[in-house]
Amino acid sequence: MTYEVEQTIGDSSWYTQGRFGMFIHWGLYSLGARHEWMKSREFLTNEEYDKYFKHFDPDLYNPELWADLASDAGMKYFVVTAKHHEGFCLWNSKLTDYKVTNTPYGKDLLKPMIDAFNAKDIRTGLYYSLLDWYHPHYTVDVKHPLRYNQEFLADQKSRDFNKYVEYMFGQTKELLTEYGDIDLMFFDFSIPPEEGFLGKGKEEWQSERFVKMIRDLQPKILLNDRLQLKGDITTPEQYQPREWIKVNGKRVVWEACHTFSGSWGYYRDEHTWKSVDLLVKMLIDTVAKGGNLLLNIGPTGRGEIDERAVDRLKGIGKWMRTHSRAIYGCTAAPEEFTCPEDCRFTYNPETNRLYLHVYSWPFKNIHLRGFSGKVEYAQFLNDASEILMVEGQQKMTMEAGAFNEGRSADTLTLQIPVRKPDVTVPVIELFLKS
Ligand code: GLC
């Protein structure tokens, strides 16, 4: 049994199979090390921000190490900020001087990254900011760093937004023609009108013409939903939806993106880091609702992934090594299966196996209402050890004569050990009868 999901125009087969990706936010803000929005939050001018451009030199950058970490964590695609809101480009764009090749580092960062990740069978996604706080023709809006700068505001006439749009088209074309197959583009984002400022949406970006150009260049590409058009993938940010995301009443391909801590770009002094336990649960929860998880790292100005992120990635990888079968190719369980308390279900429709993720370890038994007669075999995923099952009101094997604990005739009881297996989230694999 599978759910009906709105068809995508691009190829989403690899994407819903892989389920788990790495987001990478890297740019000049990594040097400021206090949020990728610092230019806007602190109302900085180009001149004030220029010191980061002059000092950008990630000498320890080694994309093979990044790709190893992503691969060991079980990630199947990555999405990197080719350009974030600050306008700085990680590739050698012919359309601007505001790019990595003009910093002390002096080399293209993007190509080696794509090559390193692809070599590990990790697909390529590029993030491109629609906002641009550097480009001379990008007009003011409620997010712009200079929105209250009188000098900047007085100079509106010198800006021709169509020239910016042309630049955005041209840069996107570069990215889609010079870097091989690009599997996904993540555009960010459309701005509603607010506080007396005009918004920017599909009219301003010329989204329809833009998408046509993109699909002509890379027909299989997946596009997100922030051009004020529906897109292939819906991208809730920093929250866990309560259920499978629907657009116009139909289930869609979706992806939650999350940070490890409260910032996308490297933030030295931010300490609200999520635990491995929470992150693994977020991954499971997302797949249990038919979605993907894109987890972000913010590399440092030296070009490294900081210890706190490495620690999380390794922890997730440790769990994934034995449990990825409950993630890859999995989706929400068919509705007939009611999930017990403190648990999540994921389901692989190809193999007809149901995965019971136990978030909080109960005492001795897990009762599955409505499951009697439906399961052929049950085992822990971490060590393939059998889980004994008791059908309906039949007596428990190990405690003959005991009460039946109020089990109904349609209950299937899984007899679990008192001690929780030593893994972040234990998973019981249920082989369903066909
Ligand atoms: C946002 C933020 C941002 C981040 C992104 C990730 O809209 O502006 O800094 O890149 O979402 O989804």
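Me: How is "buried" to be read here, and are Y49 and Y52 buried or exposed?

Reply: Buried means under 20% relative accessible area, exposed means over 50%, and partly exposed lies in between, with a 1.4 Å probe and protein chains only; in this structure both Y49 and Y52 are buried. This is a predicted model, in which local features need pLDDT of at least 70 and side-chain atom pairs count only at pLDDT 80 or more, while totals for chains, interfaces and linings use all residues. Residues are numbered from 1 along each chain as its sequence is written, and side-chain values use heavy atoms, with hydrogens and water left out.

Me: How many aromatic pairs are there, and by which rule?

Reply: Rings of Phe, Tyr and Trp (its six-membered ring) pair if their centres lie within 6.5 Å, and planes under 30 degrees apart count as stacked, over 60 as edge-to-face and the rest as tilted; the count by this rule is 36 aromatic pairs. Y49 and Y52 form an edge-to-face pair, 5.2 Å centre to centre with 75 degrees between the planes.

Me: Where do Y49 and Y52 lie?

Reply: Helices (H or I, at least four residues) are DSSP runs, numbered from the N terminus; both Y49 and Y52 belong to helix α4 (residues 46–55), where they are 3 residues apart, about one turn of the helix.

Me: Which residues form one aromatic cluster?

Reply: One such cluster is formed by W26, F53, F56, Y61, W66, F88, Y98 and Y134.

Me: Which charge sits over the ring of F152?

Reply: A charge sits over a ring if NZ of Lys or CZ of Arg is within 6 Å of the ring centre and within 35 degrees of the ring normal. The charged end of R159 sits over the ring of F152, 3.7 Å from its centre, and K281 lies over the face of Y359, at 5.3 Å from the ring centre.

Me: Which residues are closest to the ligand, and which side chains have polar atoms beside its oxygen atoms?

Reply: With a residue counted as near when one of its heavy atoms lies within 4 Å, 14 residues surround the ligand, and the closest are H25, E36, H84, H85 and E237. A polar contact is a pair of N or O atoms within 3.5 Å; an N or O atom in the side chain of H85 is 2.7 Å from a ligand oxygen atom, one in the side chain of Y127 is 3.2 Å from a ligand oxygen atom, and a polar side-chain atom of R226 lies 3.1 Å from an oxygen atom of the ligand.

Technical notes
Helices (H or I, at least four residues) and strands (E, at least two) are DSSP runs, numbered from the N terminus. A polar contact is a pair of N or O atoms within 3.5 Å; within protein, one must be able to donate a hydrogen and the other to accept it, and residues adjacent in sequence count only if both atoms are side-chain atoms.
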